Amino acid sequence: MHTIEPAPVRKSVTVRASAEKAFDVFVNDMGSWWIKGHSLTESGQKTVVVEAVAGGRWYEIGNAGEERDWGHVIACDRPNRILLAWQLNADFTFDPAFHTEVEVLFEAKGDNETTVVLEHRQLANYGAKAQDVGGMLDSGWGGLLASYAAKVA
Amino acid sequence: MTYEDRLFAALADPTRRAIFERVAGQRQSVAELARTMPVSQPAISQHLKILKEARLVRDVPSGARRIYSIDPEGLGPLRAWLDRFWSEQLAAFKAAVETADDS
């Protein structure tokens with residue numbers, strides 16, 4: 001069995017805000033900016049909740065009040081860092097046995113400027129699934145992208 | 001074509017998908033692939049070129065041959081999706097944090 005160790009997905013953005021504000025909007029107000037199309041709820045996304053403490057839940061609330069778990073908080077150090085467990089598998093189903101990590105660092109560059117660095121890692125955990133490309137396409141990545149593109153357009 | 005267009009175009013062809021799956025299973029040369037598939041070596045080379053352009057496979061020289069394997073930086077469609085997903089989310093976050101009330 002060939003094992004792949006893919007590089008993490010790394011993204012960063014610099015915002016005009018203090019580290020505290022950047023952290024609070026990112027973590028405590030995730031529902032204000034999370035793209036509504038990226039949702040697991042049947043009734044559409046009302047908001048997203050991150051319980052900013054180690055062991056806290058990370059979940060979505062639908063307009064009808066239903067909740068869908070996304071993962072949990074592994075570590076939280078306001079305003080410097082939060083480490084989240086992303087537990088949605090390649091089928092976008094919550095799986096408590098599945099685990100990838102999303103680390104977000106808030107690096108203050110001045111009084112009113114913060115660079116937010118995001119790393120989504122342990123992607124090798126998708127390995128078996130990701131290699132099954134034929135099945136993955138059949139099970140909906142193509143459809144998902146088409147739906148996403150339609151929303152963006 | 002965008003990267004995603006290339007990616008899905010690359011995997012839309014069943015022969016190319018079969019080649020990708022074999023390379024994912026075990027790193028190998030064009031000649032090794034040709035021995036186990038009803039496809040000519042030049043055709044396999046052409047398919048591999050397209051897979052490489054889609055960042056699904058990479059090749060390293062080994063003597064006179066080139067050995068093909070999965071691109072460790074890539075993860076096929078999943079990775080393309082994640083890259084775009086987080087770019088969009090961070091752009092939305094930037095817009096939100098910069099328009100939030102400074103109270």
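**Entry 1: a buried leucine**

I started with A:Leu123, which counts as buried because its relative accessibility is 0%, and the cut-off for buried is under 20%. I am working on a predicted model, so I note that here. A:Leu123 sits in the loop between E7 and helix H2 (127–131) of chain A.

**Entry 2**

Next I traced the strands. I found seven of them in an open sheet of chain A, in the order E1-E7-E6-E5-E4-E3-E2, with antiparallel pairing. At the edges I have strand E1 (9–15) and strand E2 (45–50), each of which pairs on one side only. From one strand to the next, the twist averages 20 degrees.

E2(A) pairs with strand E3 (residues 57–62) of chain A in the antiparallel sense, over five bridges. Within that pairing, I find A:Glu60 of E3(A) as the bridge partner of A:Val48.

**Entry 2: the helix on the sheet**

What packs on the sheet? I find helix H1 (residues 19–28) of chain A there, touching E1, E2, strand E4 (67–77), strand E5 (81–86), strand E6 (100–110) and strand E7 (113–121) of chain A. The direction of H1(A) makes about 155 degrees with that of E6(A).

I looked at accessibility along the helix. H1(A) is largely enclosed by the rest of the structure, because seven of its 10 residues are buried. I list them as A:Ala19, A:Lys21, A:Ala22, A:Phe23, A:Val25, A:Phe26 and A:Val27.

**Entry 3: aromatic pairs between chains**

My search of the whole structure gave 15 aromatic pairs over all chains. I picked A:Phe26 and B:Phe93. Their rings lie edge-to-face, 5.0 Å centre to centre, with 75 degrees between the planes. I call this edge-to-face because planes over 60 degrees apart count as such. The pair crosses between chains, from helix H1 of chain A to helix H5 (residues 76–99) of chain B.

I then took A:Trp34 with B:Phe85. This pair is edge-to-face as well, at 5.6 Å centre to centre and 65 degrees between the planes. It also crosses between chains: A:Trp34 is in the loop between H1 and E2 of chain A, and B:Phe85 is in helix H5 of chain B. I noted both A:Trp34 and B:Phe85 as buried.

One aromatic cluster takes in residues of chain A and chain B, among them A:Phe23, A:Phe26, A:Trp34, A:Trp70, A:Phe106, B:Phe85, B:Trp86 and B:Phe93.

**Entry 4: a charge over a ring**

I also checked A:Tyr59. A:Arg57 lies over the face of its ring, at 3.8 Å from the ring centre.

**Entry 5: strands of chain B**

Last, I turned to chain B. Strand E1 (residues 28–29) pairs with strand E3 (residues 65–70) in the antiparallel sense, over two bridges. There I see B:Gln28 opposite B:Tyr68 in E3(B).

Strand E2 (residues 57–62) of chain B also pairs with E3(B) in the antiparallel sense, over six bridges. In this pairing B:Ser62 has B:Arg65 as its bridge partner. E2(B) and E3(B) form a hairpin, and I find two residues between them. I checked the turn: B:Gly63 has a positive phi of about 65 degrees.

Notes: Residues numbered from 1 in each chain as written. Chains lettered and ligands numbered in written order. Predicted model: local features only at pLDDT ≥ 70, side-chain atom pairs only at ≥ 80, totals over all residues. Heavy atoms only, no water. Pairing = 2+ DSSP bridges. Helix = DSSP H or I, 4+ residues; strand = E, 2+ residues; numbered from the N terminus. Axes fitted to C-alpha atoms, helices over the stretch in contact; angles between N-to-C directions. Contact = heavy atoms within 4.5 Å. Phe/Tyr/Trp six-rings, centres within 6.5 Å; stacked < 30°, edge-to-face > 60°. Buried < 20%, exposed > 50% of the residue type's maximum accessible area, 1.4 Å probe, protein only. Lys NZ or Arg CZ within 6 Å of the ring centre and 35° of its normal.
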